Amino acid sequence: MNMHATTHDELHAEISDRFDTTAMATDTTLLNPRFYTTDFDELDRIDVSPVRQDWDVLLDQMRSDPNKGHFKKNADWDKIDWEGMDPELRAEFIDFLVSSCTAEFSGCVLYKEMKRRGSNPDICELFSLMSRDEARHAGFINDALREAGVAVNLGFLTKAKKYTYFRPKFIYYATYLSEKIGYARYITIYRHLEANPEQRFHPIFKWFKEWCNDEFSHGEAFALLMRTDPKITESFVNKLWIRFFLVAVYSTMWVRDHARVHFHNALGVDIDWYDQEVFRKTSAIARQVFPVELDIDHPAWIPNLKRIERAFRKIEAGHARGGFGGWLSKVTGGAQAGLAFLRLYTLPVRKNELPASVRLQPMY
Ligand SMILES: [Fe+2]
Ligand SMILES: [Fe+2]
């Protein structure tokens, strides 16, 4: 073994020691991606006849598997110098990959379970196709982590991670949003790096374009599921729930992204701009199915997102500090986050007339 190899292995081992990615993925805090379970029998009883025509077109497209050969490393996969990467960037980038991998795998686990438990052929086929895609997505990210010596143990994760129960309608809102946000995030980064290729510090971003089309289709499927029953999106109470999920999902994304300053600097992305851009795209798409839309241009929107972010930093600092002072930081931080959340939740919303035809094509 030559000197260089020793140094390389030592550094590799140092990275592996520093990042217990499986523990990072298993840890379920308010901000980490979760694993979900639901009432699979209720989901299985959905009758897709009201949206049959659109359903068949979408399922045909998913069956044809346009991304079958996409998630493989090829000549475009440049070699990455993990050891030479700025340590702060490396830490945030690994955190980004782990949280993306967890989110992708969360979809895989939920969709596969629905397919396994169900007996409705329409539902089973859809969920089987979606879990096929998410398994590829999670696997591809994990390959990138493996090169740094820090792959997530996905088998362990399935058993060890806590599952959050959501009623089917909450699964629709949360999953629809996360699929469409996933699309908007991937395509926004992809377009930015297309214009600024010198800032693409890792090859995985080159795969985002075809990738985001999978997420777009998954979102379409949930839009159709919601359209099978007008009550799911149109009743008074459910509109309030949709607002709640919009605020919760958007503000979580804001806090999470703002914790990765070095990562976004390396990409040359202004985080405020990026998040607003993702919200804007997601909100425009969601007009296909949500009758209410958050006003992200309201003067109180960004200031209250920033208040939530500051409150979360305070809670984190309280955790780290411990003792009475730490407890006090957690309590006041929690109250401040709650108030800011309430303010966002009660901002006036824009109302949408749902279009006659629900289906959309990726347009960004
Ligand atoms: Fe995915
Ligand atoms: Fe997806």
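This is a predicted model: local features need pLDDT of at least 70, side-chain atom pairs count only at pLDDT 80 or more; totals for chains, interfaces and linings use all residues.
At what angle do α11 and α15 pack, and how far apart are their axes?

Let's start with the whole chain. It has 15 helices and four strands. Its radius of gyration is 21 Å, close to the 21 Å that the globule rule gives for 364 residues, so the chain is as compact as a globular protein of that length. If you follow the C-alpha trace along its principal axes, it spans about 65 × 50 × 40 Å.

Next, notice how the chain is divided. Domain 1 covers residues 3-289, and domain 2 covers residues 295-354. The centres of the two domains, taken over C-alpha atoms, are separated by 24 Å. Where they touch, 14 residues of domain 1 are in contact with twelve residues of domain 2. On the domain 1 side, the elements that give two or more residues are α11 (236-258) and α13 (271-286). Of these, α11 gives the most, with seven residues. Sorted by class, this side of domain 1 has six nonpolar, four polar and four charged residues.

α11 and α15 pack at an angle of about 130°, and their axes are 9 Å apart. The two helices are therefore oblique to each other. In passing α15, α11 makes a right-handed crossing. To find the contact in the structure, look for R243, F244, V247 and S251 on α11, and for F341, L344 and Y345 on α15. By class, five of the residues in this contact are nonpolar, one is polar and one is charged.

What does α15 pack against elsewhere? One partner is helix α14: α14 takes up residues 301-321 and α15 residues 323-346, and they pack at an angle of about 160° with their axes 7 Å apart. With angles over 145 degrees counted as roughly antiparallel, α14 and α15 are therefore roughly antiparallel to each other. Their crossing is left-handed. The contact of α14 with α15 has ten nonpolar, eleven polar and five charged residues.

Finally, let's turn to α13, the other element named on the domain 1 side. Which helix comes within 9 Å of α13, axis to axis? That is α8, made of residues 168-195, and the two axes cross at roughly 130°. That angle makes α8 oblique to α13. The crossing in which α8 passes α13 is right-handed. From α8, the residues that take part are K180, I181, A184, R185 and T188, and they meet Y274, E277, V278, K281, T282, I285 and A286 of α13. By class, this contact has six nonpolar, two polar and four charged residues.

Then move to α11, which gives seven residues to the side of domain 1 that touches domain 2. From there, step across to α15 by way of the contact that includes F244 and F341. End with α14, whose crossing with α15 is left-handed.

Methods
Residues are numbered from 1 along each chain as its sequence is written. Chains are lettered from A and ligands numbered from 1 in the order in which they are written. Axes are lines fitted to C-alpha atoms, for helices over the stretch in contact, and angles run from 0 to 180 degrees between N-to-C directions. Angles under 35 degrees count as roughly parallel, over 145 as roughly antiparallel, 65 to 115 as roughly perpendicular and the rest as oblique. A crossing is left-handed if the near helix is turned anticlockwise from the far one by less than a right angle, and right-handed if clockwise. Ala, Val, Leu, Ile, Met, Phe, Trp, Tyr, Cys and Pro count as nonpolar, Asp, Glu, Lys and Arg as charged, and the others, Gly among them, as polar. Domain bounds come from an automatic or database domain assignment. Two residues are in contact if their C-beta atoms, placed from the backbone, lie within 7 Å. The radius of gyration is taken over C-alpha atoms; the globule rule is 2.2 Å times the number of residues to the power 0.38.
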